[in-house]
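Here is a short briefing on one protein model. Look at the structure first, then work through the points by topic.

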Amino acid sequence: MTVAGPALTIGIWQDSGTPGDVAANLAAISRAAAVSAQGGIELLVFPECFLTGYLNPDRAGEIALQAGKDSIVCLQGIASKYSIALLVGLYEYRTGEIYNAAMLIGADGRILATYRKRILYGAWERSVFTPGKDSVLIEYMGITIAILICFDLEFPELARECAKKGADLIAVPTALMAPHERVACHIVPARAIENQVYIAYANRTGREQDAVFVGRSSIWDPCGRQLAHGSDGGPELLSARVIKSRLTAARADMCYLDEVKLLCPG
């Protein structure tokens, strides 16, 4: 079926990665990119901190340095080799600070955006990372993409901010762990419905220290329909089509963003 207007085939690579081993995770990203590109995926989203591992508080500085320039160049090479855009979570060392970040690299290997997690989760994140300050939106293949990371999405204000700034898709690298499955089951689709946007929620699997990640990655459309759903295991590749005209149609009869302007002018 031919789709009129902008569209993007998005994929999620649900996997555990290898905590603290940047080289091993680069190899995993390369394998995932190869498989995904063969399947026609144009943007592949990885879980939170996939390049570095998520729960490494004692080695955060060391690992962030490993994930520096040479590793980023390697990611750029993977993207351009397979002609696929990548959204990869990582520890980012920048001007003496460490951020929980996600980097978007285009299919030509150019760095398009870096988002830094704004609402840090738990004492260990707050002790290691500096919170980001800014939202990130980038237009890619005619689709406006916003990026949030994990805990960010659990606050309706940030998702609404993305939608009000024009997001068609919110891509969310995450590290959702037990016993918080309710976030994947209830909060994620609610954010898609109340903002009438697509959401791609890319979660980890496996275990790091005492944390057990629950998988259940998913892609949702602007009406809250689940387009793809991962199991609680891994690794697993999910995919779906983001179609701009369907977002427009979802907002045609009643647009929450217009209604909220009447409730809260300005």
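This is a predicted model. Gln196 is found in the loop between α6 and β9 (198-202). Gln196 has a positive phi near 50°, and it is not a glycine. Is Gln196 buried or exposed? Gln196 is buried, because its relative accessible area is 4%, and the cut-off for buried is under 20%.

**Backbone features in loops**

- Most residues other than glycine have a negative phi, and most peptide bonds are trans.
- Met141 also has a positive phi, about 55°, although it is not a glycine.
- Met141 sits in the loop between β6 (137-140) and β7 (143-147).
- Ala178 and Pro179 are joined by a cis peptide bond, with omega at about 10°.
- Pro179 belongs to the loop between β8 (169-173) and α6.

**The sheet with β6 and β13**

- Six strands make up an open sheet, in the order β6-β7-β8-β9-β12-β13. The pairing in this sheet is mixed.
- Which strands stand at the edges? They are β6 and β13 (226-229). Each has a single partner strand, so one side of each is left without a neighbour in the sheet.
- On average, neighbouring strands of this sheet are turned by 20° against each other, direction ignored.
- Strands of a sheet pair through backbone hydrogen bonds, either parallel or antiparallel.
- β8 and β9 pair in the parallel sense, over five bridges.
- Pro173 has Ala202 in β9 as its bridge partner.
- Helix α6 lies across β9 and β12 (218-220). Its direction runs at about 155° to β9.

**Helices α5 and α6**

- Two packed helices are described by the angle between their axes and the distance between the axes.
- Helix α5 (residues 156-164) packs with helix α6 (residues 181-195) at an angle of about 40°. Their axes are 10 Å apart.
- α5 and α6 are therefore oblique to each other.
- The crossing of α5 and α6 is right-handed.
- From α5, the residues in contact are Pro156, Ala159, Arg160 and Ala163. They meet Arg191, Glu194 and Asn195 in α6.
- By class, this contact of α5 with α6 has three nonpolar, one polar and three charged residues.

**A hairpin**

- Strand β10 (residues 205-208) pairs with strand β11 (residues 211-214) in the antiparallel sense, over four bridges.
- Arg207 has Val212 in β11 as its bridge partner.
- The hairpin of β10 and β11 has two residues between the strands. In this hairpin, Gln209 takes a positive phi near 50°.

**The sheet with β5 and β14**

- Six strands form an open sheet in the order β5-β4-β3-β2-β1-β14, with mixed pairing.
- The edges are β5 (111-116) and β14 (236-243). Each has a single partner strand, so one side of each is left without a neighbour in the sheet.
- On average, neighbouring strands here are turned by 30° against each other, direction ignored.
- Strand β1 (residues 7-14) pairs with β14 in the antiparallel sense, over eight bridges.
- Thr9 has Arg241 in β14 as its bridge partner.
- Helix α3 packs on this sheet and touches β3 (85-94), β4 (97-105) and β5. Its direction makes about 175° with that of β3.

**Helices α1 and α3**

- Helix α1 (residues 22-38) and helix α3 (residues 69-82) pack at about 15°, with their axes 9 Å apart.
- This angle makes α1 roughly parallel to α3, because angles under 35 degrees count as roughly parallel.
- The crossing of α1 and α3 is right-handed.
- Residues of α1 in this contact include Leu26, Ile29 and Ala33. Among their partners in α3 are Cys74, Leu75 and Ile78.
- How many charged residues does the contact of α1 with α3 have? By class, it has no charged residues, with ten nonpolar and two polar.

**Leu104**

- Leu104 is found in strand β4.
- Leu104 counts as buried, because its relative accessibility is 3%.
- Leu104 touches several residues beyond four places away in sequence, including Leu43, Leu86, Ile111, Ile138 and Ile147.
- Leu104 and Glu92 are twelve residues apart along the chain, and their C-alpha atoms are separated by 13 Å.

Conventions:
Residues are numbered from 1 along each chain as its sequence is written. This is a predicted model: local features need pLDDT of at least 70, side-chain atom pairs count only at pLDDT 80 or more; totals for chains, interfaces and linings use all residues. Side-chain values use heavy atoms; hydrogens and water are left out. Axes are lines fitted to C-alpha atoms, for helices over the stretch in contact, and angles run from 0 to 180 degrees between N-to-C directions. Angles under 35 degrees count as roughly parallel, over 145 as roughly antiparallel, 65 to 115 as roughly perpendicular and the rest as oblique. A crossing is left-handed if the near helix is turned anticlockwise from the far one by less than a right angle, and right-handed if clockwise. Contact means heavy atoms within 4.5 Å. Ala, Val, Leu, Ile, Met, Phe, Trp, Tyr, Cys and Pro count as nonpolar, Asp, Glu, Lys and Arg as charged, and the others, Gly among them, as polar. Two strands pair if DSSP finds at least two bridges between them. Buried means under 20% relative accessible area, exposed over 50%, partly exposed in between (1.4 Å probe, protein chains only).
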